[in-house]
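Please report on the fold of this protein chain.

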Amino acid sequence: FTAPGIPMIFQGQEFLEDGYFQDTDPLDWSKASTFSGIVDMYTDLIALRKDDAGTTEGLRGGNVNVHHVNNTDKVIAFHRWKNGGAGDDVIVVANFSNTAYSSYNIGFPSSGTWKVRFNSDWSGYDSSFDNWTSNNTTASSGAKDGMSYNGNVGIGKYTVIVLSKD
C-alpha cells in the first residue's frame with residue numbers, strides 16, 4: 001500500500017487466511033474476528049493510501065525515490081510524492097532486521113515536524129507485537145541520503161513506519 005502502482009489484497013489476506021487459493025474451498029470468515037487487529041492494520045493502510053486524512057497524498061502519486069539503503073542493518077527508506085510539499089510528501093521506513101532502533105538517522109526532503117502516521121509494530125494490531133515507540137521527528141538542515149535534511153526515527157524490529165507532514 002506504500003509502493004507505486006495499484007495495491008492489491010489477495011482473497012482473505014487481510015485476516016490471515018492460510019493455504020493456497022482454491023475456488024472450491026471457501027474463505028474462513030471467522031478469522032476476520034480472530035485477527036481483527038490485522039484487519040484494522042489493513043484498514044489503516046487503505047486509509048493512508050486513499051489519503052483520507054489529507055496528509056498522505058504522495059502515496060497516490062507516481063513518484064518514488066528509494067533514498068536510503070542500508071544492507072548491513074537491513075533498513076530501507078523511500079520518499080513518495082505526487083506534487084510535493086506538506087500533506088503530500090511521504091517517507092516510508094522499513095526495518096527488515098531483528099534489531100529495533102530508538103534513533104535511526106535518515107534523509108528527509110524538507111525540514112520541520114514529520115509525524116508518524118502508521119507503525120506496523122503497534123500492539124493494537126496484535127498483542128504479540130512489541131509496540132516499539134516511533135515518535136514524530138524533526139528534520140533539520142544537514143544533507144543525508146541525497147536529501148537536504150535529516151532526522152532520527154525510532155523503528156521496531158521487522159517494522160514499517162510511514163511519516164508525513166501536515
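The report below moves from the whole chain to single residues.

## Basis of the model

This is a predicted model, so local features need pLDDT of at least 70, side-chain atom pairs count only at pLDDT 80 or more, and totals for chains, interfaces and linings use all residues. Residues are numbered from 1 along each chain as its sequence is written, and side-chain values use heavy atoms, with hydrogens and water left out.

## Overall form

The protein chain has two helices and eight strands. Helices (H or I, at least four residues) and strands (E, at least two) are DSSP runs, numbered from the N terminus. Their order along the sequence is α-α-β-β-β-β-β-β-β-β. The radius of gyration is 17 Å, close to the 15 Å from the globule rule for 166 residues, so the chain is as compact as a globular protein of that length. That radius is taken over C-alpha atoms, and the rule is 2.2 Å times the number of residues to the power 0.38. The C-alpha trace spans about 55 × 35 × 25 Å along its principal axes.

Of the 166 residues, 39% are buried. Buried means under 20% relative accessible area, exposed over 50%, and partly exposed in between (1.4 Å probe, protein chains only). Contacts are heavy atoms within 4.5 Å. Among contacts with a separation of 6 or more, 58% link residues 24 or more positions apart.

## Surface and charge

The chain carries 12 positive and 19 negative charges, and their mean positions lie 9 Å apart. Lys and Arg count as positive, Asp and Glu as negative; His and the chain ends are not counted. Each charge is placed at NZ of Lys, CZ of Arg, CG of Asp or CD of Glu.

## Strand pairing

Two strands pair if DSSP finds at least two bridges between them. S1 and S2 are antiparallel, with seven bridges. Val64 has Arg80 in S2 as its bridge partner. The two strands form a hairpin with four residues between them. S2 also runs antiparallel to S3, joined by six bridges. Here Val75 is partnered by Asn95 in S3. S2 is mostly covered, with five of its seven residues buried.

S8 (residues 159-164) is mostly covered too: five of its six residues are buried. Six bridges join S8 to S3 (residues 90-95), in the antiparallel sense. Val92 has Val162 in S8 as its bridge partner. Four bridges join S8 to S5 (residues 112-119), again antiparallel. Asn119 is partnered by Ile161 in S8.

## Loop residues

Thr72 sits in the loop between S1 (63-70) and S2 (75-81). Thr72 is exposed, at 71% relative accessible area. Its C-alpha lies 31 Å from that of Glu14, which is 58 residues away in sequence.

Most residues other than glycine have a negative phi. Lys74, in the hairpin turn, has a phi of about 60°. Asn131 has a phi near 60°. Asn131 lies in the loop between S5 and S6 (137-144) and is partly exposed, at 38% relative accessibility. Tyr158 has a phi of about 50°. Tyr158 falls between S7 (147-155) and S8 and is exposed, with a relative accessible area of 53%.
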